[in-house]
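Reader: I am new to protein models. Can you take me through this one, feature by feature?

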Amino acid sequence: MEERGEVYEKKLLDRIVDIVVDRVASVLEIVRPGWRTRNEARIEEFKLTLYAFNRSPPGLLGVTLVTLFVIVAVLGPYIAPFSYDMPLVLCDQNAYLASPGKVITVREGSLCHQVYGIKPGNYTLILGADDYGRDLLSRILYGARTSLVVAILVMLVGPLIGILLGLVAGYRGGYVDEFLMRLTDVFIAFPGLILAIAFSAVLPDRIAGVVEGYPIVSRILLTLFSLKPEHVGPLANLVSVIVALWIVWWPGYARLVRGMALSARENVYVEAARAIGVPTHWILLRHILPNISGPILVFLTLDFGAVILVEASLSFLGLGAVPPIADWGRIVYDGAEYFPRAWWLVFFPGLMTLLVVLGFNLVGDTLRDVFDPRTRRRIEFKVKRGR
Amino acid sequence: MSLSLECDPIIEVRDLYVNFYTYAGVVKAIDGVSFTICRGETYCLVGETGCGKTVTAKALTRAIPSPGRIEKGEVIFYPEPGKSVNIMELSDEEIRRIRGKMISYIFQDPSSALDPLYTLGHHISETMLAHKLVRSMRDGIREAVRVLKRVLMPDPEERVKSYPHELSGGMKQRGVVGISLSTKPKILIADEPTTAVDVTIQAQLMSLLKDLKSSEGLTLILITHNMGLVAEMCDRVAVMYAGRIVEEAPVLDIFKNPRHPYTRALLKAVPNPLSKIHRLESIPGTIPDLIKPPKGCRFHPRCPYFNEICLKKPPEFKVGAKHRVACWLYGGVESVNEG
Amino acid sequence: MKDEELEAERLKLRNMFPGETPLVEVVRLKKYFPLRGLIFTRGYVKAVDDVSFIIPKGKTLGLVGESGSGKTTVGRLILKLIEPTSGKIYYDGIDVARLSRGLLNQFRRKAQIIFQDPYMSLNPRMTVFDIIMEPVKVHKLNVGDPQRYVLNLLYQVGLNETHMFRYPHEFSGGQRQRIAIARALALNPEFMVLDEPTSMLDVSVQAQILNLLKELQSSYNLTFLFISHDLGVVRYMSDYIAVMYLGKIVEIGKADDVFEKPLHPYTKALLSAIPIPDPEIAKSRVRITIKGEPPSPVNPPKGCRFNPRCPFYMSRCSLEEPPLVEIEKGHWTSCWLYG
């Protein structure tokens with residue numbers, strides 16, 4: 001048995017991890033006394049996982065990119081100089097296809113000042129503007145929010161359905177398994193993009209109906225996306241893309257989880273649980289799921305980037321985010337006709353998408369190495385030996 | 001260490017040290033092992049998991065897989081009386097000629113030794129072809145039938161054409177024995193050959209090995225943790241613990257006069273089905289970590305006779321004509337009582 | 001088999017061992033596993049084929065046999081981990097096939113199992129505390145302070161508080177089996193199936209675990225079904241022994257009787273096949289070797305299953321199956337040699 005309190009060679013990041021994790025653990029200890037002793041080993045394992053992660057420079061880069069993305073997405077709408085749909089050509093003709101760094105002036109008493117409430121003065125359009133004079137920087141900040149919320153909403157539902165169905169299919173086997181897998185096959189057989197296009201064409205009206213019917217729903221969505229109430233229509237389009245992606249995304253998880261559950265259920269500890277009389281749902285949640293969570297987590301991480309990319313692609317095709325909603329893919333679509341004259345309209349949103357997806361991919365790859373028992377051991381001992 | 005063995009040595013190991021360089025650290029798997037095996041005898045390496053018996057056997061033909069490395073030591077092989085070969089100094093090409101041809105192995109799991117895509121006959125003739133004992137695969141298949149007859153395989157003409165999955169465990173192990181013997185080796189090393197087969201098949205295999213030993217003039221090195229097998233098969237026994245030989249003696253002496261505390265404890269922990277025992281003595285503690293092995297005698301943390309001096313590595317003491325022990329209990333001036 | 005016939009059989013079996021009250025009664029148990037062809041079932045693996053015996057309360061019944069004998073399947077059938085094809089199992093007088101939800105839960109509390117593989121029988125994602133508490137939570141047992149309860153169990157199996165919140169992978173094989181035993185004890189069981197509990201452990205550790213099991217048996221008056229292929233271990237642990245061959249019981253009786261006065265030719269052959277850790281006996285004893293391979297349980301031989309390999313074969317053996325008859329008090333066998 002390992003000696004507890006074995007000294008690891010800790011890097012600075014490891015120490016930061018320690019502080020953060022310990023703080024959280026202390027809080028949890030206050031809420032539920034005794035929690036700390038019960039989960040001491042779990043906390044150590046968790047820290048070790050993070051140390052392992054810290055040993056990978058690409059992984060750290062990925063985490064940085066993802067963190068920046070999330071910060072930008074959450075704070076974007078509050079720090080953006082202008083609103084996502086503010087046509088600055090109304091203030092100053094120079095705003096039309098303004099190149100990065102161009103300065104525009106808002107005059108006292110002008111339309112911009114009186115109606116839109118923009119303080120008079122000079123403004124630098126750091127990343128330029130589009131054909132409506134909408135500030136690209138602001139639109140990119142709002143676009144980050146759009147991407148993040150779409151990704152979260154898709155990833156909350158799609159994989160969940162897939163994982164649940166996969167667990168049931170893999171554990172039960174027999175006819176249940178056959179039926180679910182053939183259902184999965186049907187859905188996988190559809191080319192995802194075509195299905196998404198079809199749904200994006202058909203659903204918006206229906207969704208608009210739902211959204212208008214339940215004001216709570218529309219209010220929540222508008223807040224999430226940081227949109228103005230008058231843009232409920234375009235919101236419906238976005239939501240229909242999300243729904244389409246739910247339908248397209250679950251089969252992958254169903255198949256993955258079903259395969260893993262199938263082999264996991266052969267483990268002796270599952271048989272031991274049955275011998276004790278543990279009910280099926282307990283077995284699935286405590287014995288099967290935790291032991292297959294590694295690959296699932298990797299999949300989820302990589303998928304986050306994939307969803308953002310797919311959503312941007314759909315918007316780029318003209319589906320999905322409809323103006324005036326700020327969406328990176330849509331900005332590229334709109335700006336394509338001015339390329340290469342107004343190259344910034346294609347370059348910056350493209351760059352952002354690239355960086356974000358890259359970030360998720362790097363994190364996902366590093367997680368895969370950290371969770372795979374074979375590579376994990378190597379990394380673990382690198383931690384312990386300080387190599 | 002010079003025990004008067006009065007025999008014709010076939011292989012001599014002197015001061016062998018083997019380390020494994022793993023991510024966890026350096027595993028000092030073999031820590032100064034020396035022994036001599038006489039031509040024609042059955043020599044047993046006995047011990048529990050991690051004692052180093054398999055590594056020692058592999059070291060005899062430098063078959064240690066990475067990350068293992070033979071740090072120090074000599075292995076001298078005498079293919080014929082008077083002719084000696086220094087294994088450590090051979091080139092890779094030369095050692096390959098010895099491995100499989102003059103010194104053959106059979107391992108625990110016959111299933112993994114056989115390629116599921118090829119028939120048993122193919123395996124045998126491929127081996128013979130590789131060592132240039134036949135001229136073609138066709139000759140090889142004919143020889144293979146003869147080999148299978150020698151290992152008492154039922155229906156050898158049919159079995160030559162069988163694939164591994166068509167064979168039972170016992171037949172596979174016979175097949176593997178056949179492959180190893182097809183090159184007429186001088187030494188056969190059997191590493192836990194019967195762990196994966198049933199007791200009745202085990203009996204058949206052991207009796208086969210005994211017969212083959214005398215008919216082919218083989219020297220057999222048997223590696224096992226089963227003391228019953230040792231009693232059945234062996235002439236001399238070396239008991240290993242944590243990378244060292246703690247005791248070596250003829251088989252009768254090991255069972256009747258075990259000297260080393262570990263050997264004694266081991267024998268008391270083995271249940272004998274023929275007698276109703278009232279209590280099995282267990283050995284407290286666990287097998288040590290070989291990355292940070294105990295200082296001095298590696299058994300001292302578990303030894304009921306522990307003394308200060310045990311923190312120094314004990315040399316080997318001669319307690320009988322062919323009986324040596326690595327334990328300070330026997331280093332004193334007074335002789336130790338029997339039993 | 002009609003219910004009345006089964007009842008009659010059952011009554012006969014209740015006095016299988018004079019002076020013992022049965023806790024578990026197995027009457028004409030069969031388990032056939034279908035072999036799936038492409039569309040239709042191609043045949044059946046007759047893993048357990050008409051087996052009847054009792055397990056006396058507070059005692060250990062050893063179940064021995066080689067691979068394919070069906071002994072592991074019997075263990076799982078008794079615990080209702082798999083359902084029998086036909087036959088009946090009674091626990092404490094109640095037919096386990098007809099248990100309601102509530103009674104089934106009670107049964108699961110009283111009957112536990114220890115598995116062979118200590119490395120896989122514990123969920124690697126759960127701490128020792130969680131593993132031992134799980135049965136308590138499932139059955140909503142009121143045990144007072146959970147940590148104190150678990151600690152008590154750990155002490156009983158030779159572990160302590162430093163082990164309580166650790167993960168299984170931090171423990172050795174022997175320690176893991178101890179944890180598995182603690183888990184089995186958490187529900188205060190009466191009966192345990194021990195499925196080769198020490199075959200994956202080293203000899204020295206095996207002795208520790210076997211001694212622990214014996215202590216627990218006497219402290220809690222437990223009834224054991226000890227399944228193993230290792231006759232030495234079985235003899236040490238068991239009061240009574242049943243020998244299985246190809247899905248049938250060929251001999252059953254007191255351990256001493258079966259070992260010292262074996263009746264069935266297979267038992268005799270088995271006993272003579274096992275290597276004895278005593279070189280003098282090993283060299284001098286008479287061995288009955290059985291030829292051939294164990295046949296497959298898909299197409300067992302007609303009549304007595306053992307007849308193709310039996311050194312005492314008579315023509316009757318391949319025509320009719322011999323019934324299990326009591327030859328001397330409490331010692332039964334199924335063999336035509338005994339009329």
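**Reading the model piece by piece**

Author: We start at the end of a helix. Helix 11 of chain A is followed by A:G277, whose phi is positive, near 105°. Keep in mind that this is a predicted model.

Reader: Which residues of helix 11 of chain A are buried?

Author: First the general idea. An α-helix has 3.6 residues a turn, so residues three or four places apart point the same way. Now the case here. Helix 11 of chain A covers residues 268–276, and its buried residues are A:Y269, A:V270, A:A272, A:A273, A:A275 and A:I276.

Reader: What covers the buried residues of helix 11 of chain A?

Author: Elements from two chains are included. From chain A there are helix 10 (232–264) and helix 12 (280–316). From chain C there are helix 3 (101–110), strand 6 and helix 4 (128–138).

Reader: How many residues of chain C are in contact with chain A?

Author: 25 residues of chain C touch 19 residues of chain A. On the chain C side, helix 3, strand 6 and helix 4 each give two or more residues. Helix 4 of chain C has the largest share, 4 residues. By class, this side of chain C has 13 nonpolar, 6 polar and 6 charged residues.

Reader: What does chain A look like as a whole?

Author: Chain A contains 15 helices and 2 strands. Its C-alpha trace spans about 80 × 50 × 40 Å along the principal axes. The chain has 387 residues, and 42% of them count as buried. Take the contacts in chain A between residues at least 6 apart in sequence: 72% of these join residues at least 24 apart.

Reader: Into which domains is chain A divided?

Author: Domain 1 runs over 86–125, and domain 2 over 136–372. The centres of these two domains of chain A are separated by 38 Å, taken over C-alpha atoms.

Reader: How many bridges join strand 6 to strand 7 of chain C?

Author: There are 4 bridges, and the two strands run parallel. Strand 7 of chain C covers residues 191–195. Within this pair, C:I113 stands opposite C:V193 of strand 7.

Reader: Into which domains is chain B divided?

Author: Domain 1 of chain B takes in two stretches, 9–102 and 191–295. Domain 2 of chain B is 111–184. Between their centres lie 26 Å, taken over C-alpha atoms. Their contact takes 11 residues from domain 1 and 10 residues from domain 2 of chain B. The domain 1 side has 7 nonpolar, 2 polar and 2 charged residues.

Reader: How many residues does the contact take from chain B and from chain C?

Author: Chain B gives 36 residues and chain C gives 32 residues. On the chain B side, the elements with two or more residues are helix 7 (169–181), helix 8 (199–216), helix 9 (227–233), helix 10 (251–256) and helix 11 (261–269). That side of chain B divides into 19 nonpolar, 12 polar and 5 charged residues.

Reader: Why does B:E48 count as buried?

Author: Count its neighbours. B:E48 has 21 C-beta neighbours inside 10 Å, so B:E48 counts as buried; the cut-off is 20 or more. B:E48 lies in the loop between strand 3 (42–46) and helix 1 (53–59) of chain B. Leaving out residues up to four places away in sequence, B:E48 touches B:H225, B:I287, C:D202, C:V203 and C:S204. B:E48 and B:A242 are 194 residues apart in sequence, yet 8.8 Å apart in space, C-alpha to C-alpha.

Reader: Which residues have the most contacts inside the largest nonpolar core?

Author: They are A:I242, A:L245, B:I221, B:V230, B:V237, C:L225 and C:V243. The core has 308 residues. Helix 10 of chain A gives the most to this core, 19 residues. Now look at B:V237. Apart from neighbours within four places in sequence, B:V237 is in contact with B:C44, B:V46, B:V230, B:E248, B:A249, B:V251 and B:I254.

Methods: Residues are numbered from 1 along each chain as its sequence is written. Chains are lettered from A and ligands numbered from 1 in the order in which they are written. This is a predicted model: local features need pLDDT of at least 70, side-chain atom pairs count only at pLDDT 80 or more; totals for chains, interfaces and linings use all residues. Domain bounds come from an automatic or database domain assignment. Two residues are in contact if their C-beta atoms, placed from the backbone, lie within 7 Å. Ala, Val, Leu, Ile, Met, Phe, Trp, Tyr, Cys and Pro count as nonpolar, Asp, Glu, Lys and Arg as charged, and the others, Gly among them, as polar. A residue is buried if 20 or more other C-beta atoms lie within 10 Å of its own, exposed if 12 or fewer, and partly exposed in between; C-beta atoms are placed from the backbone. Two strands pair if DSSP finds at least two bridges between them. A nonpolar core is a set of buried Ala, Val, Leu, Ile, Met, Phe, Trp, Tyr and Cys residues joined through C-beta atoms within 7 Å.
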